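Here is a short report on ring contacts and a strand pairing. Keep the sequence and the 3D view side by side as you read.

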Amino acid sequence: MPNWIIRKLQQPDDFKAVAPLLNLIWSEPTTADQLNEDEDKIPPGKLHYNEEGQLMGWDRPKWVVEDEHGQIVGYAIAWRAPWTEPGALIYNLVVDPKIRGNGVGNALYETLRQWAVQVKASRLIGYMKESDERSLAFAERRNHVKERHSFESVLDLAAFDDGTLGESIKDAERSGIQFITLADEPGEVSERKLHELYKITHPDIPGYSGDFPWFEEWKKWSIAQNGVRPEWIHIAKDGERYIGVVTLQQNEQTRAMYHEYTGVLPEYRGRRIALALKMLGVQTARAYGVPYLKTHNDSMNAPMLRINRDLIGFRAEPGSYKMVCELR
């Protein structure tokens with residue numbers, strides 16, 4: 001008989017043990033308070049099905065593994081948002097390295113998978129580090145396949161020499177583009193213009209699927225999320241039209257910043273506006289004494305990889321694979 005049990009997560013108490021587990025697999029650390037704050041933003045789950053019988057709506061069931069001493073040694077979550085692609089469930093699963101190999105991970109995954117089958121999901125999606133061969137093998141043994149590859153990139157700001165890259169800002173301004181931050185034009189009118197910019201540019205991200213969040217939900221999970229400030233949202237304007245954006249988010253533990261989003265309207269691409277916005281982000285990070293900037297890009301997003309890696313000099317780090325299991 002196993003000397004551990006699987007049970008539903010108890011919020012908020014269990015997050016104190018879950019945060020260190022998630023920090024084993026996430027690229028930037030989180031805290032129990034942050035996990036609890038994020039969960040409090042989400043109303044109770046409400047699943048339904050479309051006319052084709054595909055799973056829709058949202059939910060976030062969470063399970064933990066508790067050992068004989070009452071310590072949490074494993075965690076799993078299956079979730080979908082209202083805008084997640086029909087039929088799909090995204091999941092995270094992590095087990096304390098000290099007890100791996102004794103069936104805990106398999107039992108936890110089976111609990112999650114059975115729930116997915118029960119609610120008639122058609123696919124499970126997990127994101128796993130490309131350097132985590134053990135987790136990738138675990139997923140592949142359970143009929144997961146690699147669907148996409150995203151790269152992680154880091155810029156050491158202490159060693160960064162921008163050379164002539166800052167000229168991209170002046171070049172854009174000479175062409176009539178104005179750069180502001182959301183702090184310069186606060187309020188719902190500006191936020192809705194920004195939402196529209198995100199909505200138009202988001203589908204161009206390779207591998208993006210599903211719908212785009214409506215204004216209130218988008219605001220909650222982008223410009224109003226913890227670690228984002230209006231003065232860290234750089235906007236490119238052509239007249240009164242918002243045509244490009246770079247949004248920075250700071251991690252409270254590392255003090256580092258993450259490029260939460262970069263987007264330029266299609267008709268304005270090829271004019272180095274994205275580079276100018278990125279350089280404004282670099283200047284902001286330096287002004288706040290940030291040690292490094294981090295970003296992720298899909299392997300098929302050649303234009304953004306060229307800006308980040310070839311021009312600015314972000315250092316390549318091990319990325320992650322999108323692992324997909326078709327349930328039916």
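The text below takes the aromatic rings, then the charges over rings, then a hairpin.

This is a predicted model: local features need pLDDT of at least 70, side-chain atom pairs count only at pLDDT 80 or more, and totals for chains, interfaces and linings use all residues. Residues are numbered from 1 along each chain as its sequence is written, and side-chain values use heavy atoms, with hydrogens and water left out.

**Aromatic rings**

The structure holds eight aromatic pairs. The centres of the F215 and W218 rings are 6.0 Å apart and their planes meet at 35 degrees, so this pair is tilted. Rings of Phe, Tyr and Trp (its six-membered ring) pair if their centres lie within 6.5 Å; planes under 30 degrees apart are stacked, over 60 edge-to-face, and the rest tilted.

Helix α7 (residues 215-221) holds both F215 and W218, three residues apart, about one turn of the helix. Helices are DSSP runs (H or I, at least four residues), as are strands (E, at least two), numbered from the N terminus. F215 and W218 are both buried, meaning under 20% relative accessible area with a 1.4 Å probe, protein chains only. Ring pairs join Y198, F215, W218 and Y261 in a cluster.

**Charges over rings**

A charge sits over a ring if NZ of Lys or CZ of Arg is within 6 Å of the ring centre and within 35 degrees of the ring normal.

| Charged residue | Ring | Distance to ring centre |
|---|---|---|
| R142 | F138 | 3.6 Å |
| R192 | F215 | 4.0 Å |

**The hairpin**

Strands β2 (residues 46-49) and β3 (residues 55-58) pair in the antiparallel sense over four bridges. Pairing needs at least two DSSP bridges between two strands. H48 has M56 in β3 as its bridge partner. Five residues lie between β2 and β3 in this hairpin, and G53 in the turn has a positive phi of about 80 degrees.

Notes:
Buried means under 20% relative accessible area, exposed over 50%, partly exposed in between (1.4 Å probe, protein chains only).
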